[in-house]
Amino acid sequence: MPTTAKVLVVEDERELSADIVELIKPICEVTTAYDGEQGEFLASQDVFDAIILDLMLPGESGLDLLLHIRSQGVKTPVLILTAKDTIADKLRGFNDGADDYVTKPFHREELLARMKALLKRTGHLNDSDTISLGQLEINTSKHLATFNGDPLTLKGREFDLLAYLVANPGTIITKEQIFNRLWGFDSETSLSVVEVYMSNLRKELKHAGSDLSLRTIRNAGYIVEAPDEQ
């Protein structure tokens, strides 16, 4: 896969949540939330590639959560997983912004297949370990990045940062999104670490002769573009 897909599971039944995590963790990195407020806080950070969402949650319903994040402009694909199985329930889920709908009880194989299809459809899961942009090529399984065939020297999370940017070309990614995705919500590291890594990454790309554009968009974030897209 281009970069490890990150999936948020919002499910209050902890045993079921653990089962879902066990099922999908071979294809993604999983974060869990057990109530609506926690789920909305995490989902609103807009750093996940997909969300599995229960509807009957303590504190805030799944539908309210979905409506709130969609009103904030969060377009993360959402798969509703719920015991609500009437046509009216399903139509409301889709009308409120869901991308898929699976009812409980569910077959494990079906849920896994639905998640794979959702991640593939949005470009976050495929059969290749390699992504590229211009003359830059990244092999995620080998943890290797090359420009015009020559390897780049990337330290620590520099590789993960480059892979995240290249997997989202032409998209403005905020400093907060980068920090939460690479360091985690509960990290004690300062947000300024993003600027340090971005500066180091620019230096390495320049040293390699890369003609990719890695721009800072003032008061917005960062964007990477191939030469013919500038």
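Colleague: How many residues of β11 are buried?

Modeller: Buried means under 20% relative accessible area, exposed means over 50%, and partly exposed lies in between (1.4 Å probe, protein chains only). In β11, five of its five residues are buried, so the strand is mostly covered. Keep in mind that this is a predicted model: local features need pLDDT of at least 70, side-chain atom pairs count only at pLDDT 80 or more, and totals for chains, interfaces and linings use all residues. Residues are numbered from 1 along each chain as its sequence is written, and side-chain values use heavy atoms, leaving out hydrogens and water.

Colleague: Which strand is joined to β11, and by how many bridges?

Modeller: Strands (E, at least two residues) and helices (H or I, at least four) are DSSP runs, numbered from the N terminus. Two strands pair if DSSP finds at least two bridges between them. Here, β10 (residues 213-217) is joined to β11 by five bridges, and the two run antiparallel. Look for I217 opposite G221 of β11. Three residues sit between the strands of this hairpin, and N219 has a positive phi near 60 degrees.

Colleague: In what order do the five strands of the parallel sheet stand?

Modeller: Read across the sheet: β2-β1-β3-β4-β5. The sheet is open, and its pairing is parallel. β2 (29-33) and β5 (100-103) are at the edges; each has a single partner strand, so one side of each has no neighbour in the sheet. Axes are lines fitted to C-alpha atoms, for helices over the stretch in contact, and angles between N-to-C directions run from 0 to 180 degrees. On average, neighbouring strands of this sheet are turned by 20 degrees against each other, direction ignored.

Colleague: How many bridges join β1 to β3?

Modeller: β1 (residues 6-10) and β3 (residues 50-53) run parallel and share four bridges. Within this pair, V9 faces I52 of β3.

Colleague: Which strands does helix α3 touch?

Modeller: Contact means heavy atoms within 4.5 Å. Helix α3 (residues 62-71) packs on the sheet and touches β1, β3 and β4 (78-82). The direction of α3 makes about 170 degrees with that of β4. Helix α5 (residues 108-121) packs on the sheet too, touching β1, β3, β4 and β5. For α5, the angle with β4 is about 165 degrees.

Colleague: Which residues of α3 are buried, and what covers them?

Modeller: Find G62, L63, L65, L66 and I69. They span an arc of only 160 degrees around the axis (taken from the directions from the helix axis to the C-beta atoms), which puts them on the same side of α3. Their cover includes β1, α2 (36-43), β3, β4 and α4 (87-95). Just after α3, G73 has a positive phi of about 90 degrees.

Colleague: Where is D54, and what does D54 touch?

Modeller: D54 is in the loop between β3 and α3. D54 is buried, with a relative accessible area of 3%. Not counting residues up to four places away in sequence, D54 touches V10, E11, D12, G62, L81, T82 and K104. An unreviewed UniProt entry places the feature "modified residue: 4-aspartylphosphate" at D54. UniProt positions are in the numbering used here, feature names are shortened, and annotations may be inferred rather than shown by experiment.

Colleague: What is the order of the antiparallel sheet of four strands?

Modeller: This open sheet runs β6-β7-β8-β9. At its edges, β6 and β9 (150-151) each pair on one side only. Four bridges join β6 to β7, and S132 stands opposite E137 of β7. Helix α6 lies across β6, β7 and β8, at about 115 degrees to β7.

Colleague: How many residues does the largest nonpolar core have?

Modeller: A nonpolar core is a set of buried Ala, Val, Leu, Ile, Met, Phe, Trp, Tyr and Cys residues joined through side-chain atoms within 4.5 Å. The largest has 31 residues, and I138, L162 and I178 have the most contacts inside it. Elements giving two or more residues include β7 (136-139), α7 (175-182) and α8 (193-207). The most come from α6, with seven residues. A second, separate core of 20 residues includes V10, L65, L66 and Y101.
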